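Hi everyone, thanks for making the time. Let me put the sequence and the structure up, and then I'll walk you through a few spots.

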Amino acid sequence: MRERGPARLDAGWPGVPHRDALVAAEKAALWRGEVPVFEVRPGHRDVRLEDGTRLADVLPVPPLEETAARLAALDEDDLAVQIGIIDASLAALPPAAGARPGTPRGPRPSGDLLRDALGIARRLDAAAVRSGDRIGWLGIEVVDARTRRVAPAGLDLYGGLPGIGLFLTYLSAVTGEPWAGRLAERVADEVAARLAAASAVRGAVPPLGPVYHLAHAAAVHGRRDLAEAARDALLPPPGPPRPGLPSGDVLEGEAGLVLSALALHAVLPGEQIAGVARAAGERLLAHDLTGPGFGYGASGAAVALARLDELCPDPRFASRARSLAAGERAPGRDPGWCQGAAGVALARLELAARYPEDAAPLGRSLATAASVLRDAVRRDAAPPDDSLCHGTAAVHEALAALDGSAPAPRRDAWRTALPEPAPGLLAGLSGAGYALLRRARPAEVPPVLAPAPPAPSAGLPFPPEETAP
């Protein structure tokens, strides 16, 4: 675990001159238990390391010149950004005992699903942090059960750039809005650039995140280069095999890697990509998951193995998928997706279609999950937020898949699971927007809560690359 903190430095700022030397110096200081020290001079672009080494032309412009330009360009929008960072830092603090959640700040639902989704996207556009052709967002990151912090959106699907990009990609596909398409492709380009830098670092690429997002973005935007960027990061480097992931679940483990590889294979088929999925599935066989839910539980792992068995037939995959479903604990009264009834219900619907011989036990589990979901709609203690992970969006998605009976949530504003700013997919505004797209155009927008591969189309899959004779 000690290596993971310094290793994160390897994934940042691709393309900076002398980046390897800068990162190496920073990591060396951290391993010594010291604060890294770099020296810059107001009128020069060079950076000096702690040992006096001069790295020429690291900075794009001298610091004094950049400072003057930034001060001259500040306006009311910049003031709002700085206030937002202060507000986010305060929101990340643990709430006082007995404190009530604050009133959410717009955008407010209008009842027009696509109009509301576009409103969320415009808010994301306004909140984006840009520098040249780079783009990102600030959000609140969950460190552990007691700690949150303000951090830039990373490469995970939960709260990072891939989830934001996935929403924007399908918004552009459904609405045809040019500005939404440009924003979506800019996010995809950013994810591809960060992925290229992170892929060389063990453990720096989340199993379900950038590859899954880029597969969908490549399909929607018709850009083979995005699929190739995902492939280059997904394929293992030459040498000894990489160690397996520490968990088997969808959000952080081997099941997520299986689903990512299957999504990419749908747009850029090839034996190497199928081999990555197969290898992750082999490792997943050894994981014993019994907790409920799709994100962290046995349901997601069972679906991943069942889908893998379709691409790479192996009786072990089907047998393990069925045994994981049979051994999964009941979700209790939790209606959520990641560890609750919504995730269980979505998995049971798919597994029942694949394994009709298990119809009776799967049906009983599905009935239990459906009861929890309907109670969540009826009772006063309905989900307190509209998130895809464990809020009203998760309940609506599962009930709509069950029998189409899900009522539309009634809110005066979209409520995120995390305090603002919360731009991400599973606990933030992008998820509320994605849920609107699913309600408006379910046939055109794939279900991210049962992470589906891109839908077939006239241009997919991309044709194989021509090889020299």
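Let's begin at Ala263, which touches Tyr212, Ala215, Pro453 and Pro454, leaving aside residues up to four places away in sequence. Please keep in mind as we go that this is a predicted model. Ala263 is found in helix H10. Is Ala263 buried or exposed? With a relative accessibility of 1%, Ala263 counts as buried, because the cut-off for that word is under 20%. There is also a pairing across the sequence here: Ala263 and Leu214 are 49 residues apart along the chain, yet their C-alpha atoms are 9.3 Å apart in space.

Staying with H10, let's look at its packing against helix H9. H9 covers residues 224-234 and H10 covers residues 254-267; the two pack at an angle of about 140°, and their axes are 10 Å apart. That angle makes H9 oblique to H10. The crossing of H9 past H10 is left-handed. Which residues meet there? On the H9 side we have Ala227, Ala230, Arg231 and Leu234, and they meet Leu257, Ala261, Leu264 and Val267 in H10. As a reminder, an α-helix has 3.6 residues a turn, so residues three or four places apart point the same way.

Helix H6 runs over residues 161-175, so to speak a 15-residue element, and reaches 21 Å from its first C-alpha to its last, close to the 21 Å expected at 1.5 Å a residue. How many of its residues are buried? The count is 13 of 15, and H6 is mostly covered. Just after H6 comes Gly176, with a positive phi of about 70°.

The partner, helix H8, spans residues 210-221, and the axes of H6 and H8 come within 9 Å and cross at roughly 15°. That makes H6 roughly parallel to H8. H6 passes H8 in a left-handed crossing. The contact involves Pro162, Gly165, Leu166, Thr169, Tyr170, Ser172 and Ala173 from H6, and from H8 it involves Pro210, Tyr212, His213, His216, Ala217, Val220 and His221.

Next, some backbone angles in the loops. Most residues other than glycine have a negative phi. Here are two residues to look at with that in mind. His18 is not a glycine, and still it has a positive phi of about 60°. His18 sits in the loop between helix H1 (4-7) and helix H2 (19-31), and at 39% relative accessibility it counts as partly exposed. Asp57 is the other one: also not a glycine, with a positive phi of about 55°. You'll find Asp57 in the loop between strand S2 (54-55) and helix H3 (63-73). Asp57 counts as partly exposed, at 40% relative accessibility.

One more loop residue, and that is Pro94, placed between helix H4 (76-91) and helix H5 (113-127). Pro94 is exposed, because its relative accessible area of 60% is over the 50% cut-off. Pro94 and Arg148 are 54 residues apart in sequence, and C-alpha to C-alpha they are 7.8 Å apart in space.

Finally, let's zoom out to the domains. The domain assignment gives domain 1 as 6-63 and domain 2 as 111-406 + 414-440. Their C-alpha centres lie 35 Å apart. That's my tour, and I'm happy to go back to any of these spots.

How values were computed
Residues are numbered from 1 along each chain as its sequence is written. This is a predicted model: local features need pLDDT of at least 70, side-chain atom pairs count only at pLDDT 80 or more; totals for chains, interfaces and linings use all residues. Side-chain values use heavy atoms; hydrogens and water are left out. Helices (H or I, at least four residues) and strands (E, at least two) are DSSP runs, numbered from the N terminus. The expected span of a helix is 1.5 Å times one less than its number of residues. Buried means under 20% relative accessible area, exposed over 50%, partly exposed in between (1.4 Å probe, protein chains only). Domain bounds come from an automatic or database domain assignment. Axes are lines fitted to C-alpha atoms, for helices over the stretch in contact, and angles run from 0 to 180 degrees between N-to-C directions. Angles under 35 degrees count as roughly parallel, over 145 as roughly antiparallel, 65 to 115 as roughly perpendicular and the rest as oblique. A crossing is left-handed if the near helix is turned anticlockwise from the far one by less than a right angle, and right-handed if clockwise. Contact means heavy atoms within 4.5 Å.
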